[in-house]
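User: I am new to this structure and would like to learn how to read its features. Could you guide me through them?

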Amino acid sequence: MTDNKPLAAKKTTMGDAAVDGLIAGIGAGVVMAAVLVVAGLLVGDGPGVVLGRFDPGTAASPVTGSLMHLAVSGVYGALFGLGRRLISGWQPVSRLPGWLIGLAYGLGLWAVAQASLLSGAESPLQEVPALYFALAHAVFGLTLGLAMARK
């Protein structure tokens with residue numbers, strides 16, 4: 001005998017949205033890092049050099065840089081999850097596919113990084129060609145948007 005009761009749709013809480021975004025952001029950060037490593041290889045930089053650019057200290061440690069990148073990716077993912085939850089009832093945005101919202105978010109992060117964070121700072125991330133940095137952010141956003149749309 002089977003129970004054919006329909007499952008009640010569970011409304012996502014803000015906490016659930018943040019955690020879902022955090023996890024999706026870390027996954028998207030891994031994909032973004034892979035894109036940057038491949039791009040680095042194209043310009044002659046090894047994976048350790050590329051990942052070391054994310055180290056906020058002077059050591060340029062690939063391990064510290066990788067962990068820092070994943071932490072930041074997780075935070076941006078959590079913010080995306082919260083933002084997505086907040087605007088979920090807004091008709092113009094709720095009709096857009098998740099990948100498109102994610103792409104816009106990733107490119108928005110790139111624009112903010114280029115305009116404010118990296119323009120005046122002496123960050124090793126400035127050594128990444130802008131095209132590769134934009135592509136990596138686009139991939140981050142696409143991956144994040146696709147992952148969150150599956151939730």
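Analyst: Let us begin with a definition. A salt bridge is a side-chain nitrogen of Lys or Arg within 4 Å of a carboxyl oxygen of Asp or Glu. In this structure, which is a predicted model, the side chains of Asp45 and Arg53 form such a bridge, with 2.7 Å from N to O.

User: How many salt bridges does the structure hold?

Analyst: The structure holds 2 salt bridges. Besides the pair already named, the side chain of Glu127 meets that of Arg53 at 3.3 Å, N to O. Through shared partners, the salt bridges join Asp45, Arg53 and Glu127 into one network.

User: Which residues make the nonpolar surface patch?

Analyst: A residue must have over 30% relative accessible area and no salt bridge to belong to a patch, and nonpolar side chains are joined within 5 Å. Here Val19, Leu22, Ile23, Ile26 and Val30 make a nonpolar patch of about 400 Å². Val30 is part of helix H1, which covers residues 14-42. Because its relative accessibility is 47%, Val30 counts as partly exposed.

User: What helices and strands are there in the chain?

Analyst: The chain has 6 helices and 0 strands. Read from the N terminus, the order of elements is α-α-α-α-α-α. The C-alpha atoms fill a box of roughly 60 × 35 × 25 Å along the principal axes.

User: How should I read the contacts and the surface of the chain as a whole?

Analyst: Contact means heavy atoms within 4.5 Å. Of the contacts between residues at least 6 apart in sequence, 71% join residues at least 24 apart. The chain has 151 residues, of which 33% count as buried. Its accessible surface comes to about 8,900 Å², and carbon and sulfur atoms account for 69% of that area.

User: How far apart are the mean positions of the positive and negative charges?

Analyst: The chain carries 9 positive and 7 negative charges, and their mean positions are 19 Å apart.

Notes. Residues numbered from 1 in each chain as written. Predicted model: local features only at pLDDT ≥ 70, side-chain atom pairs only at ≥ 80, totals over all residues. Heavy atoms only, no water. Patch = residues over 30% accessible without salt bridge, like charges linked within 9 Å, V, L, I, M, F, W, Y side chains within 5 Å. Areas by Shrake-Rupley, 256 points an atom, 1.4 Å probe, with all protein chains shown as cover. Helix = DSSP H or I, 4+ residues; strand = E, 2+ residues; numbered from the N terminus. Buried < 20%, exposed > 50% of the residue type's maximum accessible area, 1.4 Å probe, protein only. Lys, Arg positive; Asp, Glu negative; His and termini not counted. Charge placed at Lys NZ, Arg CZ, Asp CG, Glu CD.
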